[in-house]
Amino acid sequence: MTKDQAMFDLPEPGALYDALTARDPAYDGRAYVGVTTTGIFCRLTCPARKPRPENCRWFASPADAAAAGFRPCRRCHPTGPEAEGHAAIAALIGALNADPERRWSEADLVALGHDPSTIRRAFKRHFGQTFLEIARVARLRSGLKSMTKGTAMIDAQLDAGFVSASGFRSAFARLFGHPPHAMRGASDLRADWIETPLGGMIAITDDSALHLLEFTDRKALPQGLQRLSGLVGGRIGLGRTALTDRVESQLTEFFAGHRARFDLDLHLHGTDFQQRVWQGLRAIPAGETRSYAALADQIGKPAATRAVANANAGNRIAIVIPCHRVIGADGTLTGYAGGLWRKQRLIEIERSYGAAA
């Protein structure tokens, strides 16, 4: 057995059972439990009553559990993103997608029969943001789309559903690291919004290369945009290039299961070591994962595991440079700036590519 094959082995049953009883999210998307007394398989984070150890069988994927004759649990939805198993989250996300420009408040949540504090905790746990914060970014998208078409600032503000100009400017600056007027001049780099099944992303391109691709709810996005702006002399405006259209098209193909590898020119803004790590990430085939130590070995720096982890965290071109393919040495999911729920879903999507290969 090779070192990479060994990385796919499940931990020993005692550790898995401890993770099951603790509902440890680090194992989500990496291990599943089949309960022999019910014939059902679950995530290790499932809220259902825990089975006895002798009634548990352990699997590395939903496909393995199904092949062994187990049915998916209807509480934790092990064949899809974990958040789909939360009825309130699914309902609210559905309502937001149906009307992204609605101005939501806690009173609206109460009117729908939800406890705002419960909803706040649930969304923070799954997405790293509250529902109201996600709704605010969705509204901001309308203003951004208006501004890329040359709409006046006040009209863009109203399109986004912001009553006050200061509120619109503040929300825009939190997202981009700049007030809106700072991005309306002539520029050779263009920033625009791309919608994906895992949420909105900001893409920054010029006529020849992709410079940045980040989820809009990443906490470090404003700092990343400010840093990039400084590196390119402030030459970032709103709008899109032909390359933005290519990025959007290839992301659509990726999520539809038709593109395992991206064919895009990238402009990497990092040190020589960081760029070496990022190129190493691109060399990991879709459907496979590596530990930080294995990635360090792969790039010829076996003693630089921590530096590799830091470079991985500094990646500013999500999905295309697949930092989500790096997991813990024990097979658990580790930190991902876009949220562990996204990492889980990306790994699940790429399993089909690995199976086809």
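This is a predicted model: local features need pLDDT of at least 70, side-chain atom pairs count only at pLDDT 80 or more; totals for chains, interfaces and linings use all residues.
The side chain of Asp-108 comes within reach of the backbone nitrogen of Ser-105, at 2.9 Å.

**Around Asp-108**
- Asp-108 sits in helix H5, which covers residues 106-111.
- Beyond its neighbours within four places in sequence, Asp-108 is in contact with Arg-102 and Arg-103.

**Helix H4**
- H4 takes in residues 87-98, twelve residues in all, and reaches 17 Å from first C-alpha to last, close to the 16 Å expected at 1.5 Å a residue.
- Which residues of H4 are buried? They are Ala-88, Ile-89, Leu-92 and Leu-96.
- Looking down the axis of H4, you'd find the buried residues within an arc of 95 degrees, so they line one face of the helix.
- Turned away from that buried side is a face with the exposed residues Ala-87, Asn-97 and Ala-98.

**The four-stranded sheet**
- This is an open sheet with mixed pairing, and its four strands come in the order S3-S1-S2-S4.
- S3 (56-59) and S4 (71-72) are the edge strands; each has a single partner strand, so one side of each is left without a neighbour in the sheet.
- S1 (residues 32-35) runs antiparallel to S3, with four bridges joining the two.
- Across that pairing, Val-33 stands opposite Trp-58, and Gly-34 stands opposite Arg-57.
- On its other pairing, S1 meets S2 (residues 40-43), again in the antiparallel sense and over four bridges.
- Val-35 has Ile-40 as its bridge partner in S2.
- S1 and S2 make a hairpin with four residues between them, and Gly-39 in the turn has a positive phi of about 75 degrees.
- As for the S1 side chains, Tyr-32 and Gly-34 point one way while Val-33 and Val-35 point the other way, and all are buried.

**The nonpolar cores**
- The largest nonpolar core has 39 residues, and the members touching the most others are Leu-210, Leu-213, Leu-251 and Ile-319.
- Strands S6 (199-205) and S7 (210-215) each supply at least two residues of this core, as do helices H11 (242-255), H12 (272-282), H13 (292-298), H14 (305-313) and H15 (340-356).
- Which element gives the largest share of this core? That's H11, with five residues.
- Take Leu-213: setting aside neighbours within four places in sequence, its contacts are Met-201, Ile-202, Ala-203, Val-247, Leu-251, Arg-316, Ile-317, Ala-318 and Val-320.
- Another core, of 14 residues, lies apart from the largest one, and its members include Tyr-17, Tyr-27, Ala-31 and Leu-44.

**Val-326, a buried strand residue**
- Val-326 belongs to strand S10, residues 326-327.
- Is Val-326 buried or exposed? Its relative accessibility is 0%, so Val-326 counts as buried, the cut-off being under 20%.
- Not counting residues up to four places away in sequence, Val-326 touches Leu-281, Arg-290, Ser-291, Tyr-292, Leu-295, Asn-312, Thr-334 and Lys-343.
- One of those contacts is Tyr-292; Tyr-292 and Val-326 are 34 residues apart along the chain, yet their C-alpha atoms are separated by 6.4 Å.

Terms used:
Residues are numbered from 1 along each chain as its sequence is written. Side-chain values use heavy atoms; hydrogens and water are left out. A nonpolar core is a set of buried Ala, Val, Leu, Ile, Met, Phe, Trp, Tyr and Cys residues joined through side-chain atoms within 4.5 Å. Buried means under 20% relative accessible area, exposed over 50%, partly exposed in between (1.4 Å probe, protein chains only). Contact means heavy atoms within 4.5 Å. A polar contact is a pair of N or O atoms within 3.5 Å; within protein, one must be able to donate a hydrogen and the other to accept it, and residues adjacent in sequence count only if both atoms are side-chain atoms. The expected span of a helix is 1.5 Å times one less than its number of residues. The arc is that of the directions from the helix axis to the C-beta atoms. Two strands pair if DSSP finds at least two bridges between them.
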